[in-house]
Amino acid sequence: MAGPASDIPQALKAPPAPRSRRRFGVRTLGGVLGVFGGSALLMGYLSLIVLIPIAAVAAHGLGITVHTHGWGLAFWHWTGTTDFSAFWANVTNATARQAIWLSLWLSLAVAAVNAVLGVVIALVLVRDTFPGKRLLEGVIDLPFALPTIVAGVVIVYLYGQASPVHINLYETWMGLFVALLFVTLPFSVRAVQPVLESFDGQAEDASRSLGAGGIRTFMSILLPSLLPAILTGFGLAFARAIGEFGSISLISGGLGRTTPASAYIFNLFSDGGSYYSAAAAVSVALLVISLLLLASTGVASTRVQRRLSQ
Amino acid sequence: MTASVIAPVAEPVRNRETNTRRRLPLRLLAIAYVSLLIGLPVAFLFGKAFGLGVGTFWHQITEPGALDALELSAKVAAIVVPVNTVVGIGAGLLLARRRFPGKRLLDLTFDVPIAISPIIIGLSLFLAYSKIGAFGPWLFKHGFMLVFSVPGIVLATMAVSLPYVLRSIVPVLIEIGETQEQAARTLGAGMWRRLFTITLPAIRWALLYGIALTLARTLGEFGAVLIVSGNVTDKTQTLPIYIYDAWDQVPTNDAGAFSGAVLLALISITVLVVLSILRARERRLRVDIA
Amino acid sequence: MSISLEKVTKRFGVTFGVEDVTTVIPSGALTAILGPSGAGKSTLLKLIGGLVTPDEGRIFIDDDDVTDVDPRHRNIGFCFQNYAPFRHMTVAKNVAYGLKVRHRPRAEIAARVEEMLELVRLSALANRYPAQLSGGEMQRMALARALAISPRVLLLDEPFGALDAQVRAELRTWIKELHDRIHVTTVLVTHDQNEAMEVADSLIVLNEGHVEQTGTPTDLYDHPASEFVLQFLGPSTNVFGQAVRPHDLIIVTAGQGWPATVTEISTLGFEIRVAIVLENGDAAWLQQSRAEFDTHPVTIGQAIGVQRRDATVSPVGTRLDPAARSTEAVPDDRALTQRAP
């Protein structure tokens, strides 16, 4: 494999090394300061945007008051108190309970329905071909890109009091249900789709060759492998649904039997003054519920995943 | 069925036929559900808005209130998207490449805006920075008002659109590893040159995808901005707020609400189309990397 | 450009990457760092390249202390195991990268790139993207890219590991020829001892972060400093707990030497392997050329005697000349095996 006799030794005159001949310190001083400063900026930004506000909600919701003594360089001496009873009252009074319960079961139902249909749609997207499939994929992504208020407008006019198809879901839980299905579908589908794509079908072929029918194969072979992804999609859909505001703000009407938690918090906020802590309290409750559910679906998903890879 | 096992190569056509017959009910179900749930309302939106007449539509869009709202939305996007892109890239590189104490916390912090209701996000910002908040009095003294102000809207929008760039690029950063940067380093490239000539180009589709998502979220954010803006017309209305306001009026400004909704929908759909093209490109690139 | 390491140590957590390594890599030679997985070979290479900084010790490239110098300034060429191509750039742009970093004039870059591509025979693929290249082509591109900046040292990290056997063999020959022409100090990491023996002028054998032995391939093969080196480089078998080269054993008449029974006879091309069982139950094997075997053939089940070649007992059949023993690498032919009943 001898190549052409090019003029190698001469041509290998080394071009000069890069300009800055800093010969000390692999980690140059400027680099270190830069990374350090950048990280500090990052942490500052995140604290400003996320960490401090979350702390503020927790503080107001739980009635945490902190008394500081002095701002000097010497240590702050502070004492804190929590008003748990106020928190509890704000969260368990009749209207609050109603709102939280409504959001909770609606979100669970919506996540469940879309979990099932998400799998169906993913199957069709991954394994079927027909004219217009691209269009279908695009439509599924619409709620993802569409602002929630636009979804809200659309739903309230289509299924509201002046409904052109004569379906009036104004101020009903059904209206909320439809709106939530609308906004959470992409999550359910997209959680399952890539996992399904990665299956090569060999296990299913093996199952069929052993005589199992389509449904049997699906239930015993395909579904279990998809379970972690389905659980993840369920968690995502639930988290989205329980916090959803824009799309349901219009069809849920005002105060009434069909006020979900997010609207309830907003109403409390609008009332202002002493209701701020009530709003914060319900927010905390909602956060805890979301956290619990996300954690449990996460754990369940990992556990199933682990069992699958053994 | 057994025939396809005995002679798999010889039966491709037959397989497809059997598949179609079996797939049909599922296909119909999927199409029906998606059409009814999503397709119908969106089609209705466009139909109704243009049914009012293109003239009315245009009149509504160019109404000063609407234009102001559009302008404000654009201004906010012009600030928020670049900031969150830079933050996403910086934090993304950290999360994907370095180990350090508190890494988990950093990761979780970026999960918060997605997992939490926008109402709660708006409320949290209000409780932290408005007059009654912890920093409120100090900020107020220095002339910063969170409520009824554009800075407040910017802040709220930053909070809700924070994670999209990061979540989009981190998996790709992890997948491609650091060897390309190491190679560039041995060839003499410094940190910034490596970032701009090697790292960012290598993740460009995922990066653009994340930016597109950030933009969509920024333009469309409603709940958090509603709380923070105080909803004073002509001053602090973004386009979504404008739409809500149109609906909230008595009598309901149907035309305004619809036109605004359509405009916002068109913008978002454009972003969506860009998104799908990007996703297709990214998928193709993934195959190459494998 | 010789490379010198003095007491270099690198730890990863509680495990040692490399420990107390002191060695000199001769200038202009092709040196292979050889060892089992996890021996620290890649770590050592990356230490030389500067991608990893040592916890202790100093590293010198041609009398310059480069221990604290960023890889950017060491003027080395590094080829990675998975080629690390810049996927968003064409082959030509890949090769040009190092020169662009050095702000060379455009004409010079173009000329140099063309020259490098010709050298590695990728000129026709200059405008392709890495995704369109085969593994072997990508590795050649990586070499061109590294050589374009005229490095004083070329470092190759298991460069042929991910390729199939045929391509690997071709590239091995090719890199030896390239090195003969260019004479850049080259250090190559591999776990494949055949590759090392075939290609390298000098070897460094690493085991668990320590240098076991350095020298020419023949040195290490003929005079292994430890049992590890003997077992790692070239075939070995165990006789009474001692490692020995299979072709250092000869067959003698039963009654002489160590008593043994023949269990298997395999033919691999011109090489014959005779598997035996010794009196104490040890299983070993002898390696003989066809000619050697034909002068005193044995059959399965036959009782024979076995001893080291350098003993003074006459073997079965003609006395063999020790100098005629074969040191060629064994070709990978299919073995025709006769099994013992």
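In strand β4 of chain C, C:F60 is the bridge partner of C:S4. Helices (H or I, at least four residues) and strands (E, at least two) are DSSP runs, numbered from the N terminus. This bridge belongs to the pairing of β1(C) with strand β4 (residues 56-61) of chain C, which run antiparallel and are joined by 5 bridges; two strands pair if DSSP finds at least two bridges between them. The model is a predicted one, in which local features need pLDDT of at least 70 and side-chain atom pairs count only at pLDDT 80 or more, while totals for chains, interfaces and linings use all residues. Residues are numbered from 1 along each chain as its sequence is written, and chains are lettered from A and ligands numbered from 1 in the order in which they are written.

Strand β1 (residues 3-12) of chain C also pairs with strand β2 (residues 15-25) of chain C, in the antiparallel sense and over 7 bridges. Here C:I3 has C:I25 of β2(C) as its bridge partner. The two strands form a hairpin with 2 residues between them, and C:G13 in the turn has a positive phi of about 65°.

Further along chain C, C:L154 lies in strand β7 (residues 153-157). With 23 other C-beta atoms within 10 Å, C:L154 is buried (20 or more such atoms count as buried, 12 or fewer as exposed, and in between as partly exposed, with C-beta atoms placed from the backbone). Leaving aside residues up to four places away in sequence, C:L154 touches C:G77, C:A146, C:L147, C:V184, C:T185 and C:T186; contact requires C-beta atoms, placed from the backbone, to lie within 7 Å. From C:L154 to C:L5 the separation is 149 residues in sequence and 16 Å in space, C-alpha to C-alpha.

Turning to chain B, the axes of helix α10 (residues 179-186) and helix α11 (residues 191-202) come within 10 Å and cross at roughly 155°. Axes are lines fitted to C-alpha atoms, for helices over the stretch in contact, and angles run from 0 to 180 degrees between N-to-C directions.

Methods
Contact = placed C-beta atoms within 7 Å.
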